[in-house]
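Let's take a friendly walk through a protein model, from its pockets to its sheets and rings. Have the picture open while you read.

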Amino acid sequence: MKAIGIILAGGNNEKLELLTANRAAAAMPIGSCYRALDFTLSNMSNSGINKVSVITQYNSRSLHNHLTSAKWWNLGSKYGGLFVFSPYLSNNNSFWFRGTADAIYQNLLFLTRSNEPYVIIGSGNSVYKMDYEEAFDFHVESKADITIITKEAQNENLHDYGVVKIDENNRLIDFEEKPIEPQSNIISLGIYIISRTLLINLLESILPQGRYNFVEDIIVRYRKKLNIMTYKFNGYWKNINCIKSYYDANMDFLDKNIRDLFTKQYPFIETKPRDEAPPKYNIGAKIKNCLIGSGSIMNGYAEHSVLFCKVFTGENTSIKNSIVMDKSYIGNNCVVENAIIDKEVILSDGKKIIGSPDKPIIISKNTVL
Amino acid sequence: MRKKDIIAMLLAGGQGSRLGILSKTKAKPAVPFGGKYRIIDFTLSNCVNSGIDTVGILTQYQPLILNRHIGIGIPWDLDRSNGGATILAPHLKGTQGEWYSGTANAIYQNISYIDSYNPEYVLVISGDHIYKMDYSKMLEYHQEKNCDATIAVLEVDWNEANRFGIMNTDENDKIFEFEEKPKNPKNNLASMGIYIFTWEKLRQALIDDNKIHQDSDFGKHIIPAMLDSNQNLYAYRFDSYWKDVGTIESYWSANMELVKALPNFNLYEDFWKIYTCVDHQVPEYIGDTADINTCIISEGCEIYGQVYNCVLGYNVVVEEGTFLKDSIVMANSIIKKNSVLDRCIIDENVTIGENVKIGVGDNIANVLEPKIYNTGISVIGENSFVPDNVTIGKNCVVFGDELNFQNNCLESGQSLIMDKVKL
């Protein structure tokens, strides 16, 4: 595809509470072996984009840790590659990225030094599988200046998204960011297709005016001036923007159709390999409706839960409706219900961690109880 | 090429004929082990964990799966611009092609590969065994003793010593004699087929021996010749887990041993990881109707049935109502509803239909191959298709995708083997 990719993965989301105390939202662990970023990154690579930049800022360490090599996403090539951009100091700039547009502008060389005529911009915290090629063809054929990928909201809370109003030709009429009174039920997925030169021109004209945001300062402000089209996506899509959606996105993997979409149907979502041994189930293990990660050792009961890599559960321990992240150790005779246990947590024997079905209890990283 | 201190030559061309149908379509080093691994992963991981970054892999018998598995060596971090993994297949020289006719002959034919790295030492290993070993410690020993060759040995039971190549040593473990399968063993130090040579000395020995033996072999020719010329050979004692999974029974029991609560061979420690090639990292799913314990189940599996005391490879599907016990199921196989499998080995990409029973009846040794299949284990070969409602006995061998089971039945000890299956 004649496009380069930009993934905006620098944001924080306060609604993810303690889970993002030490990681970026794009680094949230999903589905037993993935990180949220893997989905957009794999989609780009699978769509034939071979030059992708990931823009990081908030808790960027967690993402740099994940992106130590480009080869897992087939981006380890000479004519392209994976570029990871974080804020930097220079003679004439000592700012953090002040917004999404500023983040791209501060790395404008990535755009000016490329030859591909188009840019696809995505966010790093959505779980979905999409071939951008179809939207790309639509963008080229419809001669749009910008194409926004949209979907009809289902369970999504419209107040949390950019809501678009379109005409019968899918042309954008209005765009409201997180509206109080939404005018439609079509939301933007935060995926945009734009020509590279137009993007450079827009950035160069808005930044000197102190405008730093791609949505507010380009999409909303230019919505009448530019020919902005929308392209509807009909597949599974979940945004990781609050505890509930994070919890649901993981539990969705227990649904065979959704799991198969990502794990059994070509093209696949790629992630950094773990090199852990296969999970082991000892004599007391009893598992129902769970995802179990590599290298885990199970001695107890688990039901309707998502367990990540190298989790250990002790004897007579019961885990229900919970997420347990990498390397957490749950001792004997524990009860874990409606909980999100972050990485490397140690629960000593007999501990009870019980949340409510509406609001899972969170045990933050490295906690020892 | 930059000079290397030590490089490894990994012999991976063996057939492993006692593994029967399991090694029909792939070399023994490519046979899966421990769920997600292949046998060669253990030696390859030992190399990189020991700091050896240049490995020549000598292939000959059925190399396709092995080549695909190793690729350019990415899973072992052996994709390197200087060194890394190199597949060394037999090739034409001048006008004539020549197979590798012996272990030492295979190395002899690749002298120019080794020379290109100008190494001080060469580690010669085979991809047939399951063990974890730090070759760097063996190298230190080799240097300390100022050896020309160091041979790793394992203390075996005296009454089993007649099955091995035995090193007769003095009180300092200096080797003075090598005996292949001696009737009256003088020692119980068995060669593990792991050698470190000072390259200069090995190079000369290979060239000299090639003039005498067409099928130059380390045990039979090179080691005795080096001893005859009074070179310095030492035995390096190894006392940890080491298994030659060369027979159906030993292959099965070594796998089964892994599912114990505290197995002798630990796959779960962090400091000596075993690396393998997997297509994609995926989660595994254990369904509502599943009942599993005492097993190892690899990533990508979907389990809806009962699985006890089993080792399952990648992407295996076990449907509802199916009962699996004491069995090995390799990658990408599907076992459909309401089947019962007891004590069997299912190779890769096999489909077992509904209501199939395997492992029923009396323990009658296989009629065609009684020496290979005689411990009650039935084996279903790669890419086979077993239709619904078939009953298969003990010590049976099944291989093929268009098999005709008479009366839906294969009695114990019988074989049903097609010449070819679609890959």
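This is a predicted model: local features need pLDDT of at least 70, side-chain atom pairs count only at pLDDT 80 or more; totals for chains, interfaces and linings use all residues.

Residues are numbered from 1 along each chain as its sequence is written, chains are lettered from A and ligands numbered from 1 in the order in which they are written, and side-chain values use heavy atoms, with hydrogens and water left out.

**Pockets**

On a 1 Å grid over the protein atoms alone, a pocket is an open set of points where a 1.4 Å probe fits, with protein on both sides within 12 Å along at least five of seven lines, and lining residues have an atom within 4 Å of a point. Grid points are joined across faces, edges and corners, and a volume is the space filled by probe spheres set on the points. For the residue classes, Ala, Val, Leu, Ile, Met, Phe, Trp, Tyr, Cys and Pro are nonpolar, Asp, Glu, Lys and Arg are charged, and the others, Gly among them, are polar. Helices (H or I, at least four residues) and strands (E, at least two) are DSSP runs, numbered from the N terminus.

The largest pocket holds about 1800 Å³ of space. It has 49 lining residues, and those nearest its centre are Arg18(B), Asp128(B), His129(B), Trp242(B) and Asp244(B). Which strand gives the largest share of this lining? Strand 13 of chain B does, with four residues. Other elements that supply at least two residues each include helix 3 (103-108) and helix 7 (218-228) of chain B. By class, the lining of the largest pocket has 16 nonpolar, 19 polar and 14 charged residues.

The second largest pocket has about 1200 Å³ of space. Its lining counts 40 residues, with Thr100(A), Ser123(A), Asn125(A), Glu177(A) and Lys178(A) closest to the centre. Here strand 11 of chain A contributes the most, four residues. The lining of the second largest pocket splits into 16 nonpolar, 17 polar and seven charged residues.

**Sheets**

Two strands pair if DSSP finds at least two bridges between them. One open sheet has seven strands of chain B in the order 17-20-23-26-29-32-34, with parallel pairing. Strand 17 (291-293) and strand 34 (409-410) of chain B are at its edges with a single partner strand each, so one side of each has no neighbour in the sheet. Strand 34 of chain B pairs with strand 32 (residues 391-392) of chain B over two bridges, and there Cys409(B) is the bridge partner of Thr391(B).

Another open sheet has 12 strands, in the order 24(A)-21(A)-18(A)-16(A)-14(A)-18(B)-21(B)-24(B)-27(B)-30(B)-33(B)-35(B), and its pairing is mixed. Strand 24 (346-347) of chain A and strand 35 (415-417) of chain B are the edge strands, each pairing on one side only. Within this sheet, strand 27 (residues 344-346) and strand 30 (residues 378-380) of chain B run parallel, joined by three bridges. Ile345(B) has Val379(B) as its bridge partner in strand 30 of chain B.

**Aromatic rings**

Rings of Phe, Tyr and Trp (its six-membered ring) pair if their centres lie within 6.5 Å; planes under 30 degrees apart count as stacked, over 60 as edge-to-face and the rest as tilted. That gives 30 aromatic pairs over all chains. One of them is Tyr128(A) with Phe233(A), edge-to-face at 6.3 Å centre to centre and 80 degrees between the planes. These two are 105 residues apart, with Tyr128(A) in strand 7 (residues 126-128) of chain A and Phe233(A) in the loop between strand 12 (228-232) and strand 13 of chain A.

| Charged residue | Ring | Distance from ring centre |
|---|---|---|
| Lys132(B) | Phe265(B) | 5.3 Å |
| Arg343(B) | Trp252(B) | 4.3 Å |

Buried means under 20% relative accessible area, exposed over 50%, and partly exposed in between (1.4 Å probe, protein chains only). Tyr128(A) is buried because its relative accessibility is 1%, and Phe233(A) is buried at 11%. In helix 1 (residues 36-46) of chain A, 10 of the 11 residues are buried, among them Phe39(A) and Met44(A). Just after that helix, Gly48(A) has a positive phi of about 90 degrees.

Asn309(B) lies in the loop between strand 20 (306-308) and strand 21 (311-312) of chain B. Its relative accessibility is 25%, so Asn309(B) counts as partly exposed.

How values were computed:
A charge sits over a ring if NZ of Lys or CZ of Arg is within 6 Å of the ring centre and within 35 degrees of the ring normal.
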